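Visitor: Can you walk me through this one? I'd like to start with the charged pairs.
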Amino acid sequence: MSDPPAPEDLFRTVLEALPHGVCVYGPDRRVRLVNAAYQRIMEGSEVAVGEHHADIVARRVASGEYGPQTEEALRLMQEDFSNPRAYEQIRTRPNGTVVVARIVPLPDGGQAAVFTDVTRRAKAEAAARQRTQTLQAMLDNQPDGLALFDGEGFLIAANALAARLTGLGEETMRPGRHVDELRLLQLASLEFGDISSPAARDAIARSRGTIAETGRFVRTRPDGTVLEVRTDPMPGGGFIRAYRDVTEERRARAELEAARDAAEAASRAKTGFLATMTHELRTPLHAVIGFSEAILEEARPEVVRDHAKEVLAAGRQLLGLVDGLLEATRIEAGTLSLRGAVLDPLPILRAAATSARRAADGAGIAFEESLPAALPAMRGDGGRLRQVLDALISNAVKFTPAGGRVTLSAAPLEGGGMEIAVADTGIGMAAEDIPRAFEAFTQLEAGLSRRYAGSGLGLYLSRALAGAMGIGLELHSTPGKGTTVRLAVPPAEESSA
C-alpha cells in the first residue's frame, strides 16, 4: 500500500484540475504558483513563477492588455498590497476573451488571482440582449400598441405606444408585471372610468376569467380616445395584446355615415320636391290653359273678362313659384343681396295687414292687427321685409281652419329695436317638427294627397331673408293650439344689413 500524497502535491493536483485560472503571489509580490488554466486563459500574457507583479503589470500595460480599463486596473492593483481587499473585475482581453478576475488577499500578505473565462456566457448574454433589442425595435416600430405576456400572464415586452394607450406609462408597464396587476393599476387610476361604469365592471369581469382569453373589444378612454383591444394566443403559450387608436377611424366612419344619410335625405328631398313642385305647377297651368281655351270660345265680353282674371291670377301664382325657386337658388349659392336703407316699418306692416285681411276674409278667418302709432326706424330692405311678412301671414292663414284667428302685432323693445309677431290659432306642429319646417321644399305632410298646398319655401325663405337683414326669427308652436312667429328687429344703428 503506497503512502498518501503530501498535502502540497494534493493541492497542486487539485489546482491543475480546476477550470479556473489561479495565480498566487507571495508577500514579496512575486508569482509563487500558477496553474495551466491560468496560462491558457491568459494566452499571450502568461506569467512565470518568480516574476514580480510590477513587471507583469508593466508588460501587460505595454501590450494593451487592459485596453480602455487600464487606468482602473492600475488603480486597483496599487491598492492590492497597500490595502488588501477582495474585489472582482470583468474585462475583455485584446483577443476577444471575456474574463472575470477575482482578487483575494491571503493570510501571509500575498494574494491569489482567480481568472474565469466567461466568453461563451458573455456572447450568449450579448446575443440575448441583441434579440431583446431587436424585438423592442420591432415593437416600437409597429403602428399599434403591443404587449407580450407569457403563459402565466407576466409581461415579457411592450412598446411605448402600448404603455401610452393603456394609461400606465413606460415606467409602470415594464417586463415582469402581471396582467392582473396592470389591470388593477388601470382601475385605480380610473382608466376605465368610475368603478361603477360598464367599462370598469367589464374589466373586473375579465380579470376573473382566463388570463389569455382571446377576443376583441372597444372602449373609450377618459380623454375621449376610442381604443380597440385585441388579444391573440402565441405559439408555445402566452398571448399578445394589441391596442389600436381607432378614434379617427370611427370619426371618419361617422362622417361617411352622416354624408350617406345626408345624401339619402337629399335624394328623398329631391323626390319630394319634384312631386310637390310638379303638383304646384300643374294646378295654375291647368287654370291658364283651361281659361285660355274658354276665352277663345267665348264671345261675351263680361265672361271673357272673368276668364282673363283667372288666367292672370294663375300666371301670378306661377310667377310666385318661380320667384321662390330663384330665391332659394340664390340663397344656396350665397348670391342673395339686400339693400340696407334706414326705413320706417309701420307703413309696410299696415300694407301687409290690408292684404292679409282680404286673404283671411276669403278663408273665413278673423284677422286682427295690433300696431302702435309709431315704431322705431330699422335698417333693411323694405321689399324683402314685406316678402317675409306676406309669407308668414300666408302660412298662418293656410294652416288656420275657418273660424280661427290670425294676428299681426308689433311693439318697441326696451333698449331699442322692436318685435313683430304673427300668431294664429291653427293646427300648430310638434316641437320636433319645427326644424324640418325651416328646410327648403319641405312639407310636414308628404305626398300629393296632403291637405295644404304650397312649395315648402315659405319659412325657409323667411328665415334666410330675415337673417340677411340682421333680424332674428323664432317659431313657437303647439299642436292644435296654433303657431307664433316672432321677428326681433335690432335698432337701425346696430343692424349690419
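Guide: A salt bridge here is a side-chain nitrogen of Lys or Arg within 4 Å of a carboxyl oxygen of Asp or Glu. This is a predicted model, where local features need pLDDT of at least 70 and side-chain atom pairs count only at pLDDT 80 or more, while totals for chains, interfaces and linings use all residues. Residues are numbered from 1 along each chain as its sequence is written, and side-chain values use heavy atoms, with hydrogens and water left out.

Visitor: OK. Which residue does R244 form a salt bridge with?
Guide: The partner is D144, and the closest N and O atoms are 2.9 Å apart. R244 is in strand β10 (residues 239–245) and D144 in the loop between α5 (119–140) and β6 (145–149), so the pair links distant parts of the chain, 100 residues apart. Helices (H or I, at least four residues) and strands (E, at least two) are DSSP runs, numbered from the N terminus.

Visitor: Is D144 buried or exposed?
Guide: D144 is buried, at a relative accessible area of 10%. R244 is partly exposed, at 34%. Buried means under 20% relative accessible area, exposed over 50%, and partly exposed in between, with a 1.4 Å probe and protein chains only.

Visitor: How many salt bridges are there?
Guide: The count comes to 22. Another one of them joins R102 and E88, with the closest N and O atoms 3.1 Å apart. R102 lies in strand β4 (residues 98–105) and E88 in strand β3 (residues 87–92), so this pair ties together parts that are 14 residues apart in sequence. E88 is exposed, with 55% relative accessible area, and R102 is partly exposed at 33%.

Visitor: What about D232?
Guide: D232 forms a salt bridge with R230, again with a closest N and O distance of 3.1 Å. D232 is partly exposed at 30% relative accessibility, and R230 is partly exposed at 29%.

Visitor: Now the inside. Which residues touch the most other members of the largest nonpolar core?
Guide: L389, L408, I420 and L487, out of 40 residues in that core. A nonpolar core is a set of buried Ala, Val, Leu, Ile, Met, Phe, Trp, Tyr and Cys residues joined through side-chain atoms within 4.5 Å. Elements that each supply at least two residues include α11 (345–363), α12 (382–398) and β14 (405–412).

Visitor: What does I420 touch?
Guide: Leaving out residues up to four places away in sequence, I420 touches L349, L389, L408, S409, A410, V485, R486, L487 and V489. Contact means heavy atoms within 4.5 Å.
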